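My notes follow below the picture.

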Amino acid sequence: KILNYGSLNIDYVYDVPHFVKAGETLSSTNRSIFAGGKGLNQSVALARAGGNVYHAGAVGKDDSKILTDVLAKDKIDFSNIAKRDCPSGHTIIQVDSNGQNCIILFGGANQTISEADIDSTLANFEAGDFMVLQNETSNIRYMIEKAYEKGMKVCFNVSPFTTELLKLPLEKCAYLIVNEIEGAAMADMPDDTDPYVLLDKLCEKFPKTSFVLTLGSRGSILREVGEKPISCKAFKVNAVDTTAAGDTFLGYLITNIATDMNRALAIKCATAASALAVQVKGATPSIPRAKDVLEFIKK
Ligand code: ADP
């Protein structure tokens with residue numbers, strides 16, 4: 001089983017002629033609503049890769065149908081999602097006529113996950129199951145500690161990165177998934193550090209943890225404990241929207257590791273899946289299905 005104790009956000013996207021200024025009232029010409037959040041995107045990617053996915057978290061009782069509908073469509077179990085008397089996590093996004101955006105994020109129900117919620121959710125899982133986390137929910141420390149005690153494999157995507165994260169028991173994570181900027185911040189090294197030097201430093205700091213380092217259009221490196229690093233170059237494609245590229249990559253890689261796929265193939269599939277994702281606009285609509293990923297690799 002793969003449990004994603006993850007964020008769920010509703011994205012409210014407003015088209016505007018320019019970003020609203022102090023004191024101004026501005027009419028929007030169009031509003032679109034999407035289901036998103038790193039957690040939700042990652043669950044969809046984990047499931048489309050073929051994983052047996054359980055999403056746990058919290059949503060608002062009045063506005064969450066759009067979120068659970070998206071999970072249901074990909075056969076993701078959502079029986080461990082609590083309903084709260086507050087809004088679901090959401091964003092208010094302005095998109096101007098140049099396609100630039102600015103975003104207000106409200107954590108909402110994602111920030112109400114309690115120790116009692118975590119205890120009752122984890123009772124449904126056992127040693128060897130995977131648990132995926134991002135930094136968009138409350139009580140992450142407790143999630144890591146309890147899952148580790150049970151013998152679950154904690155896969156933590158340290159995004160968005162804050163220095164507060166360094167106080168967590170990260171050594172209890174089986175996998176840490178970072179992009180270059182997050183990795184450099186964790187290692188306390190400059191952003192342009194050579195990726196292998198960065199990995200050496202991270203592995204020295206956390207010797208019992210495997211690392212996934214993503215490098216945008218330059219690809220990625222997987223370094224598991226006791227194994228040689230495996231790198232994969234990104235496919236050369238025409239990127240139109242890199243939203244959810246990292247989430248797609250993570251979902252495919254973790255599902256493939258959970259099913260113990262040969263690692264070179266696992267990372268190649270994740271790279272192909274994210275290359276397909278960047279060619280399509282949007283978050284969940286851009287996440288490909290496993291059969292399309294395999295077809296892309298064969299070409
Ligand atoms: P994040 O979005 O979390 O910062 P990255 O930007 O590192 O993550 O992207 C994750 C993966 O997506 C990369 O390792 C790569 O395989 C793929 N990817 C990202 N951008 C591109 C691109 N422009 N072209 C092809 N693949 C890409």
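**Overall layout**

I counted up the secondary structure of the chain first: nine helices and 13 strands, where helices (H or I, at least four residues) and strands (E, at least two) are DSSP runs numbered from the N terminus. This is a predicted model, so I kept in mind that local features need pLDDT of at least 70 and side-chain atom pairs pLDDT 80 or more, while totals for chains, interfaces and linings use all residues. Residues are numbered from 1 along each chain as its sequence is written, and side-chain values use heavy atoms, with hydrogens and water left out.

Next I looked up the size. The chain has a radius of gyration of 19 Å, which agrees with the value near 19 Å for a compact globule of 299 residues; the radius is taken over C-alpha atoms, and the globule rule is 2.2 Å times the number of residues to the power 0.38.

**Strand β11**

Is β11 buried or exposed? Five of the five residues of this strand (residues 210-214) are buried, so β11 is largely enclosed by the rest of the structure. Buried means under 20% relative accessible area (1.4 Å probe, protein chains only). In a regular strand, side chains alternate between the two faces of the sheet. I found Ser 210, Val 212 and Thr 214 pointing one way from β11, and Phe 211 and Leu 213 the other way.

Then I checked the neighbours, taking two strands as paired if DSSP finds at least two bridges between them. Strand β10 (residues 175-179) pairs with β11 in the parallel sense over five bridges, and Tyr 175 has Ser 210 as its bridge partner. Strand β12 (residues 220-223) runs antiparallel to β11, with four bridges joining them; Thr 214 stands opposite Ser 220 there. Five residues lie between the strands of the β11 and β12 hairpin, where Gly 216 takes a positive phi near 55°.

**The ligand**

Which residues come nearest to the ligand? Of the 15 around it, they are Asn 179, Thr 214, Gly 216, Gly 219 and Ser 274; a residue counts as near if one of its heavy atoms lies within 4 Å.

I went on to polar contacts (pairs of N or O atoms within 3.5 Å). A polar side-chain atom of Asn 179 lies 2.9 Å from a ligand oxygen atom. A polar backbone atom of Gly 219 is 2.9 Å from an oxygen atom of the ligand. For Ser 274, a side-chain N or O atom is 3.2 Å from a ligand oxygen atom. The protein covers 80% of the 560 Å² of accessible area that the ligand has on its own (Shrake-Rupley method, 1.4 Å probe).

Methods:
Buried means under 20% relative accessible area, exposed over 50%, partly exposed in between (1.4 Å probe, protein chains only). A polar contact is a pair of N or O atoms within 3.5 Å; within protein, one must be able to donate a hydrogen and the other to accept it, and residues adjacent in sequence count only if both atoms are side-chain atoms.
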